[in-house]
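Colleague: I am new to this. Can we go through the terms one at a time?

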Amino acid sequence: MTSFIIKRLASAVLTILVVSALTFSLAFLAGDPAIAIAGKDSSAADIARVREYYGFDRPVVIQYGEWLAKALTGDFGRSFHYQQSVADMLASRLPITFGLGVAAIIFALAIAVPLGVAAAAKPGGLIDRFALGLSVLGQAMPTFWLALLLVVLFGLTLRWLPISGNATWQHFVMPTIALGTFALPALLRITRAGTLDALRSDYVRTARAKGLGAGKVLFRHALRNVMIPLVSISAVQLGALLAGSIVIEQIFALQGIGALSYDATLRADLPVVQAITLIVAVFYVLLTLVADIVNAILDPRIRESW
Amino acid sequence: MFRISSLIAGASLLALTATSAFADKNDDTLRIGWGGDGVMINADNYLGGTRTGIWFTKMVWDTLIERDNATGEYKGSLATAWQWVDDKTLELKLREGVSFHNGAEFGADDVVFTYNTMSAENSGARFRAIVDWIDHVEKVDAMTVRIHTKEPFPQALEFLSGPMPIYPHKYYAQVGSVGMSNKPVGTGPYKVVEMKPGEQYTLVRNDDYDWGSPKSKAKITNVIIREIPDAQTQVAELMSGGIDVTADMSPDLVTRLAGVPGLEAKMSETLRIFIIGLDAAKRANNPAVNDVRVRQALNYAIDRDGIVKNLMAGAARTLSTPCHPLQFGCSEEAAVKYPYDPEKAKALLAEAGFADGLDLTMYAEAPAKEAEAIMGNLAAVGVRVSLNRVPYEAYRDAQISGKAPAFLFNWGSYSLADASASISFFFKGGEDDFAQDKDVIEWLKTGDSVTDPAKRKEVYASAIGRITKEAYWIPLFSGVRGYAWDADLDFTPYADEIPRFYEYSWK
Amino acid sequence: MAKPVQSNTGSGLLRRLASNAPVLISGSILLALVVIAVAAPLLAPYDPYAQDLSRRLLPPIGYAGHDPAHFLGTDGFGRDYLSRLIYGTRISLLIGFSVVLIAGFIGTTIGLLAGYFGGKVDQVLMFVINTRLAMPVFLAAMAVVVVFGASLTATVLTLGFFLWDRFAVVIRSTTQQVAAQDFVLAARSAGFSNTRILTREILPNVLSSVVVIATLEMGSAILLEAALSFLGFGVQEPTPSWGLMLSQAREQLFFDAWLIYLPGLALLSLVLAVNIFGDGLRDLLGARDRT
Amino acid sequence: MNDTVLSIQCLSVALPEGADRRLAVDDVSLDLRKGETVCIVGESGSGKSITAFSVVGLLSPQLVPVAGKVLFGGNDLLKAPAAEMRRIRGARIAMIFQEPMTALNPVLRCGQQIMEMFEAHGLHTHRARRARAIELLTEVGLPDPAKAFSAFPHELSGGQRQRVMIAMALALEPDVIIADEPTTALDVTTQAQILSLLKRLRENHGTAILFITHDFGVVAEIADRVAVMHRGKVVESGPTVDVLNDPQEAYTRDLLAAVPALTPPAPAGKPDAEIVLSGLNLNKTYRGRSFFNRRDVPALTDVSFDLYRGETLGIVGESGSGKSTLGRCLMRLADLDAGEIIVDGKDLHALSERAFQPMRKTMQMVFQDPFASLNPQRTVGRIIADGPIVHGKAESLALAQAEELLSFVGLDPSSMNRYPREFSGGQRQRIGIARALALEPKIIIADEPVSALDVSVQAQVLKLLRGLKVRLSLSMIFITHDLRVAAQICDRVAVMQRGRIIEMGPTAEIFSNPKSEYTRALLAAIPGQGLGAKQAFESELPA
C-alpha cells in the first residue's frame, strides 16, 4: 500500500506541476502584474518602474522557474497587492473555505444518503419522486441565485440568520446550504443508483434468502457497497466546492480562498493565484488519494488490484 | 414554486421596515460596512492606496495640515505654523504635547522619517505622485522641519492635508509596513483594538485626543468596520441591523433606501470625474478618433443631463472640463461646451466621412454602469461601440499598449482640490498623455511650478480651452457616492468623499 | 427460412419518448424555448437594446405602477425586460449548444482514444484528464476571459475547453466496455483500420452516452456562463444574458426583486428542462442498450 | 403423501405487460419429498427459475404469483406474512445460486457471511457461530476451512465459492435446499465434485433438494425425479430414469435428441494431408498489470500443432487452460511472446501489421457471445459486407454477396436491413458465421460458438457449421469446453491444461482411449455419460 501511495503521489506531483505551470502562464497573460502592483490611478511611468523592478519584462519561463524554486522551499512569496506573506494569508483564509466545503459536503450527504436509500428502497414511489425532483431542481439551481434567495428569506424576511461574515457558526448556515445544494444532486443520484444496484444484486438476494431482516440487508450488505462510489464522488465534489466557493464567498462576504482567488485573479496577483491554484490542485489530488485509500479499506478487491 | 411566491411576498414586506440600531446605540458601537471598491489592502495607505484606506487613515492618524471642509481654509493639525522659506523650501512648526497611541511623543523625527521613507525611490508607495514632489525633509530642531521640494510646488499645502499621515518613526522602523498594517499606531481620534486584514477592524475612541486638533474628538466609543464587497449584502446587513452605515450605495439604492423607515440615505457629489479618453495621439492608429470633427461629434452625441438625471438621481454635475470645477484652477468658463445635439453630431460625422456610421472599440474599467447609457447615446448617432468592460488591470493594459481608441474611466485626483491633479497628470506629455499637445504641455509646466495663484489660473484656463476645443476627451459628469445609514445616527457626507466617522454621533 | 424474432422497433424510441411524461413535458418546454430563441425578433415586443432612461425600472404586471406597455417591466436602462428575457434565451441556448459541441468533441475524442488504445495512450490521456480535473475551472476561466477579453466567443471557447472532462471520463469507460466486446474483435480480425473501428464500430455505440452527457453538460454550461457573467467574467454588456441581467440587478434584490426573480426563474426552468430531458433520454437510451 | 415437504400446486406467475407471453409460470404443480432431489429442467425462458423463486418469495417485484399454492409445513407460502417468510428462509428453506461470485457479498468475509445465517435467526453466541461456520466449511470439503473463513469471496476459486454457498445453505439444517443452476458456471470437473457433494449432503442430512438446471447430463446424475418445463408449463414429469429413457412428449424427445452423445461418430472419409496452418512452439504469458500483484500468468507454453485442410481440430479444456488465448493469438488479436504461425509458408507472427492485413482474409473467427459479437448499431447487411468492403470489394457487390450469405446460413435475405437486436441468439450466431464467411477464408476459428445457446439451438448451429465446412472445404479450429460437442464435431482433438497441449489425436481415439490422467478425469466428470444422441450433422444444407 505504501508503494502504491508513493506511485500515486509521484504522478500527483507531476499533475500539480503541470497545473501550476499552466496557471502561471495563464495568470501572467491575464493581466500585467505591474499594473496591478502600481494600482489604480497610477501613472504609466509608475507602471514601467514597477515592471522593471520586479523583472516582469523577463521571459515567463524564467519567472516560473524562480517561483517554483522558491515554492519548493515553502516560500510562496508576498502578495503583490496586499504586500503580506502569501503563506500567512492562506493560513488565515483556508480554514474558512475548507470548513465551508466540509460543512457543505456533510449537509449534502446528510440529505443525500438517507433520501437516496429511501428512494431506492421503493423505486417509483413517493420518496423516489421527491428525491428525483430534488436532485433535478438542485442541479438546475443557479448557486448564486439560490444564495440571493436565501438572503432574502432567512436573512431579511424571517431574520433567522446573520447575512454576512464568519463570526459564528450561524454565519455559515446559508453559505453551507447554498453550496451544499450544488453538491447534493450528484451525491443523491449516486446513492440512489448504488443502492438500487445493490438491492438488485445477487448478494442481496442471498442475504434475503438467509432470512436476514430488511435493515441488516440494507446496512450490512447494500450500503457498504454503495459507500464505495459515494466516497469517490464526495471527494471530487469537495474538491469542486473548494474551487467553486468563489461566488458564495463573494455574496456572503466570507474571506476565504474563493474570495481571495477572485480578487487575486482580477489584480493579477501572481503569487496568490499561484499558491491558490497549487493548493486546489493538491487538495484535489489528496482527496482522490484519500478516497482511493478509504475505498481500499471498504473493498478488498480494490486492495487486491494494487 | 410556492417558495418563490412567498419570497416575493416577503421581499415586498421588508421594503417597509429596517431593524433599528437600538442595540448599537446602547453599546455605543458604530458598525461600518465598506468594501464596495475592493477591500482595504493595507492600513498603511502610502502602500495600500485604497479609498477606504484614506477613510481609515483619517480615523487613526493625523496629517500636518487639515483643510476645513466648509471654508477650504488650511488649518494647523500636527503642524501649527508654516511658511515658504523659498520657492522650494517649506518650514513647518510642529505641535507640542501630541503623543501616539503607543505613548511615543510626536516630534520632528516622525515627520522626517515618514516623508523621507515614503518619498524614497522604491519605497513601495503606491502613488508616487503623492510623495514624489518631496526631495527630502530636514529636521531643524525637535519641533521644526523643513520640506525641500524637487521643483517649486505650489500645491504642497493641499498635498500635506491630503493622504500624507505621520507615522511614529521608531515603531514603523521596527515593524515595517506589514506590522503597521496589522497593528496600526497613530495619533488620531481612534485607536486600533484588533485588525483582521480584509475582514474586520475594531477601533476604540482615543480618550487622550484633546491637543487641539481641528478634527473633533470621537463621539462614538467603539467602531467595528467590516469588509463587505457586495452592495446587496451591505443593504441586507443595513436593513437587518448588522451595520449602521455604508458608503457604497448606487443612486438607485439611495433612492429606494431613503424610503425605508428607520434608514436615511443620501447621494453626495465627489471630486471624481468620469471621462471618455480619446486616442488623439495616434497610438491606437484609429483614423476616426484622430479627426477632431469625430471627437467633437462624440462630445455632442452624449446626453449628459439625461444620464445624470436618470441614472445618478441628479446628484452629479455634468462636466465640460477635464477636471472637477471644485478644483483650484478648473475654470468652466474656459471650456468649450458641447451641449447634447445629436443632429450636429451626425453632421460632423458625415463631414468627417462617417455618414454611414462608425465602429468604435471602447475599453472601460468594470463595473462602469454608465457605459451602457453612453453606448445608447452613441448608437443613436450611428456610432457602433463594441465595449470591452474589463477589470482595471486589463483596461489599463489595453489603454497603455494602444489597443483602445476610446477608453471610459474615472479619475479621483487623489482627492486633491487642485486642477493640476487631473489636467497635469494627463496632458503634460508622457505615456498617459494621449493628446501630446505641445502648447498644453508648456502651459501646464508653467502652472505646476509658479506659485502665483492668478498666473496658475490663467495657464490652466488656456490648457482647458485647448483641450476642450480639440475635444481630446469627452468629459461626462462628476462622480457620486451614495451613503445610507441608520436613522439613529447623525451622519453627514462630505464632498471630498471622506466620511469623518469621528464626528458622527447617535441622535 | 428463419425470420427475425422481433418486429422492427426503429420508431420505438420515439414512441417511448412520447409516452414518458417528464420527457414529454421537458421536451416541449425545451422545444418552446428553442422556438422562442429562433423567433426572438418576431416575439419580442421591443428591441432588447433600446434604452429609454426616462422609463427606468418599471415594475412588471401585478405590481403597483405597472405600465401596460411593458408586460414584465423595464430594467435600469429602461429596456423592455420581456424582450431582454426573450433574447436571453438565445444567448443561453447558444452558449449551451456551442460549449457542448466543443467540449463534446474534445472529450469524446480523448475518451475514445484512451478507452480504445489503452496502455500508454491511456496513461498519457488519463494524465491529461487528471490535470484538467485538478485545474480550478473558475480560476482558469476567469484568467482566460481576462486575457482574451470578455465576450460571447471567449466565454464559449473557455467553457468549451474546460467542460470536456465528464465526456472524456465517461466515454473512456464506455469505450473500454464496448471495445471489450466481440464485435470489435471481429472488426479487427476482418482487418479494419483503427480509424474505421473507432468511427464505425465504437462511436455509434457510445453516441447515446455522448448525447446524454451533452444534455447534462449543457445545463452546467448554461449555469456556468451565468455564474461567470454574474462575476463579470462572462458575456459583455449590453448583450441580454440572463446571468448578466442577474448580476446587474443584484443590488435591487430587496426593492425590485422581480429583476432577480425573472431571469433566475428563466435560467432555472431552462436548465431544469434540459436536465429532465437528459435524464429521460438516459433512461430510454440506457434501457435500449440493456435489452 | 405424508413425507411431502414442499408442494407446489397449480402455480401461475404473471409476466409484466408487453412480455412475449402472459404467464411466466403456467399452472405448475410439483411435489418434493423428504430426502429427495427433484430437477426442474428446461431451456432459457421456460420459467424454471421463476418457479423456484416463487417458493421463497424472492421474485422480482414485476413478477406476481396470480394463482396456486405453495404448501410448506401446512402453510401456503404465497400467503405467508413477510416476517413468517423471513423465519422460513434460510432456516427451513435455503438457497444456492448460479453465480457464486456475485451471490456472495464482495466486501464481507466468507465466514462472516455464513455466521449471518445464525445471526438472522438469532441462534448461538458469536463464538459458537464461528465454530459452526468452520465446521460447515470443513464439511463441504474446503481444504483449509480457517483460511476460507477469513477469505473474501474473490480470493477463492469458483468451486470453493460454491462450497461456501452450500455451507451457508446447510447451516441451519433446512428441510429444503433450492439450488438454481448451481453448477452451470463451473468447470466440468468442479461440477462433478459439487454434484457429488450435494448428493452426499442430501444423504447425510436428509434434505430435500429442488434443483434447477438446463443440463440433462446433470439431471441424469442427481435427480430422483424430473419435471421438464417449456414456456411456463410442465410438459412432462416423472422418475428420472423413465423420463430420460422413455420420454413420452415430443418436446422432451427433441430436447434429448439434441444433446450430443459422448461417442464420436465414425470418421467421415480420409483426412487430407495438406497442412493449412501450423503453430510452432507458441508461447504467451499475461503479465501482472497491477502494482502489487505482479504475478505472471502463463497462458500458452510451447504449443505446437498442425491443422490439415478440411479438418476440424477441437481445442478442449477447462477455463484458464489457454484455449481461448490460443484462438486470439492465431487471429493476432493478442500478441504472442514467441513462436511461429505458418500459413501459406509465411510466419504470420513475424509479419508487420500492414503486411498481415491482407492475410486476415484467410482466417476468420466465430465468437461465443451472440449478443456481444454483433455491432448493435449496424444493420445485418452492413455487418456482413463491411469486411469485404474494407478489403476492396465494391459496395454493391459486397451487399449482394451478403444477401446470398444470409440465405446460405439459413436466414431470410430480407434480414439485410434489420438490426441484430431483432434476432434470437441462434439467428445471431448464423449472422456471425455469415460475416466470417464473407471474406472467403480458408480457416475458421470458432471460439465456443455454441456454448451460449440452448441445446436445441446448439444442435442446429453445429449442423450448419459442419455442413459449411464440408461444402466450402474449410478447415476449422473449434474451441470448446464441452466435450460432448467436441465429440460430435471434431475430427481431431487437442486437450489443453494450464497453457499446454497435453494430448492430441483423432477424436474417437481420445474419447475411447485417453492417454493422460487429466483427459481421463475430464471425461469421467461429464455428467450423464450414456445420455445423448449422435448428431446427424450432414443433412439439410441449402443448395
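Here is a short talk about what the terms mean in this model.

Modeller: This is a predicted model, so local features need pLDDT of at least 70, side-chain atom pairs count only at pLDDT 80 or more, and totals for chains, interfaces and linings use all residues. Residues are numbered from 1 along each chain as its sequence is written, chains are lettered from A and ligands numbered from 1 in the order in which they are written, and side-chain values use heavy atoms, with hydrogens and water left out.

Colleague: Why is A:Leu17 called partly exposed?

Modeller: Its relative accessibility is 33%. Buried means under 20% relative accessible area, exposed over 50%, and partly exposed in between (1.4 Å probe, protein chains only). So A:Leu17 counts as partly exposed.

Colleague: Why is D:Glu422 called buried?

Modeller: D:Glu422 has a relative accessible area of 1%. That is under 20%, so the word is buried. Its salt-bridge partner is D:Arg418. D:Arg418 has 24%, so D:Arg418 is partly exposed.

Colleague: What makes D:Arg418 and D:Glu422 a salt bridge?

Modeller: The rule asks for a side-chain nitrogen of Lys or Arg within 4 Å of a carboxyl oxygen of Asp or Glu. Here the closest N and O atoms are 3.0 Å apart. The pair therefore passes.

Colleague: What makes B:Arg481 and B:Asp248 a salt bridge?

Modeller: Their closest N and O atoms are 3.3 Å apart. That is within 4 Å, so the pair counts. The two residues sit 233 residues apart, B:Arg481 in strand β16 and B:Asp248 in strand β11 of chain B. Strands here are DSSP runs (E, at least two residues), and helices are runs of H or I with at least four, numbered from the N terminus. Both B:Arg481 and B:Asp248 are buried.

Colleague: How do you know that chain D and chain A are in contact?

Modeller: Contact means heavy atoms within 4.5 Å. By that rule, 33 residues of chain D are in contact with 28 residues of chain A.

Colleague: What does buried area mean for chain D and chain A?

Modeller: Buried area is the accessible area (1.4 Å probe) that two parts lose on being put together, summed over both. For chain D and chain A the value is about 2700 Å², with 57% of it on carbon and sulfur atoms.

Colleague: How many salt bridges cross the interface of chain D and chain A?

Modeller: The rule finds four. One salt bridge joins D:Glu116 and A:Arg220, with the closest N and O atoms 2.7 Å apart.
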